[in-house]
Amino acid sequence: MTLLDGIAARRLPTDRLTVNVLERQGDSPEGIPVVLVHGNISSALFWQELMLRLPEDYRVIAVDLRGFGATDPAPVDATRGLGDFSDDLAATLDVLGLAAVHLVGWSMGGGVAMQYALEHPVHSLTLQAPVPPYGFGGTAGPEGRRLTEDDAGCGGGGVNPDFVARLRAGDRSAEAPTSPLSVFRSAYIHAGFSSPLEDVWVESMLSTRTGDDHYPGDSLPSDNWPGFAAGKRGIANAMAPGYFNVSALAGLTVKPPILWIRGDADAIVSDASFFDVNQLGKAGIIPGWPGEDVAPPQPMVAQTRALLEEYAARGGSSRELVLPNCGHSPHLEYPAEFQAELTAHIESAAGLH
């Protein structure tokens, strides 16, 4: 595990599993608690630069979710949505003695953060390029209407098997579009971005445990196009709309302030995502697409915006920040801007200005 100077790792036994956390050396246990939750096919390593940039009076912690980084590779019960991950997070924060925190979630981690906030108090929420509130794929309209009862086209069956094989093999090359490094360059960041820490980000991706219980999960046959449906095990299925839905966020009695940060060139979470099987069908990449009426691409950004507008209408506070020429990883691509916005959000929620 490649740690930057100033970052330390430790494994915490909880009543669920042993969880790896990264912490900033020298932080006071009494500091403002900020907890960072990574996304799919990554780990806490992705947060290190941000951890080092945040104010000294913060207590900054990044967690490895189950099956990523150095946390135990416990199986994922997809039928609970992202509940396994949010329950693990709760167990970890309990061991750390943190009753409420400022929670930052990226991509799938944004979904984990929203799920956690439905069940536990938080001081604030920051959602960076989050998974849509109605799951990934298989829904239509800003209201998140499910397209099929079996979530056809969603889950583990939609993941490129060569990419999974290259993760399993520890491929660090860029020899194929499905090499993790190539996927990082084409999907995680905007064109033209480069970082001397690219090898660390690939190391983080390669920590992903693969298989039916992990990434991507299993798959079931379907009579609906494109012939497969979400399974019941593993990470990709945990974000299928039949299992994951955090629209109840708008109805929280106590509503933490929410900051939503995204890039305008996000290849993964967008209203025309090429990680959405229906978008690939519309583009002719997957044959036999039955058309907009049956299998429309998911309006991912519109769905998140609609939920947060309802959240605000029902007494909450939310703000959308769109960074230009930015992909799926604002905290990597525009670190100064991300850190400034996050700090202002946390300090406003903490009543510091």
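Biologist: Why is Glu320 called partly exposed?

Modeller: This is a predicted model, and in it Glu320 has 30% relative accessibility. Buried needs under 20%, exposed over 50%. The value falls in between, so Glu320 counts as partly exposed.

Biologist: What makes Glu320 and Arg262 a salt bridge?

Modeller: Their closest N and O atoms are 2.9 Å apart. The cut-off is within 4 Å, so the pair qualifies.

Biologist: Where do Glu320 and Arg262 sit in the chain?

Modeller: Glu320 is in strand E14 (residues 318-323) and Arg262 is in strand E13 (residues 258-263). They are 58 residues apart, and the pair links distant parts of the chain.

Biologist: How do you know whether Arg262 is buried or exposed?

Modeller: Arg262 has 14% relative accessibility. Buried means under 20%, so Arg262 counts as buried.

Biologist: What makes Arg66 and Asp84 a salt bridge?

Modeller: The N to O distance between their side chains is 3.8 Å. The limit is 4 Å, so this pair counts. Arg66 lies in the loop between strand E4 (58-63) and helix H2 (83-96), while Asp84 is in helix H2. The two residues are 18 apart in the chain.

Biologist: Why are Arg66 and Asp84 called buried?

Modeller: Arg66 has 7% relative accessibility. Asp84 has 6%. Buried means under 20%, so both labels hold.

Biologist: Which network of salt bridges includes Arg66 and Asp84?

Modeller: The network links Arg16, Arg66, Arg80, Asp84, Asp87 and Asp88. The whole structure has 20 salt bridges.

Biologist: What makes Arg314 and Glu310 a salt bridge?

Modeller: Their side chains meet at 2.9 Å, N to O. That is within 4 Å, so the pair qualifies.

Biologist: Why is Arg314 called partly exposed?

Modeller: Its relative accessible area is 48%. Exposed means over 50% and buried under 20%, so Arg314 is partly exposed. Glu310, at 35%, is partly exposed too.

Biologist: How do you know that the radius of gyration agrees with a compact globule?

Modeller: With 353 residues, such a globule would have a radius near 20 Å. The protein has 19 Å, which agrees. Its C-alpha atoms fill a box of roughly 55 × 45 × 40 Å along the principal axes.

Definitions and conventions
Residues are numbered from 1 along each chain as its sequence is written. This is a predicted model: local features need pLDDT of at least 70, side-chain atom pairs count only at pLDDT 80 or more; totals for chains, interfaces and linings use all residues. Side-chain values use heavy atoms; hydrogens and water are left out. Helices (H or I, at least four residues) and strands (E, at least two) are DSSP runs, numbered from the N terminus. Buried means under 20% relative accessible area, exposed over 50%, partly exposed in between (1.4 Å probe, protein chains only). The radius of gyration is taken over C-alpha atoms; the globule rule is 2.2 Å times the number of residues to the power 0.38.
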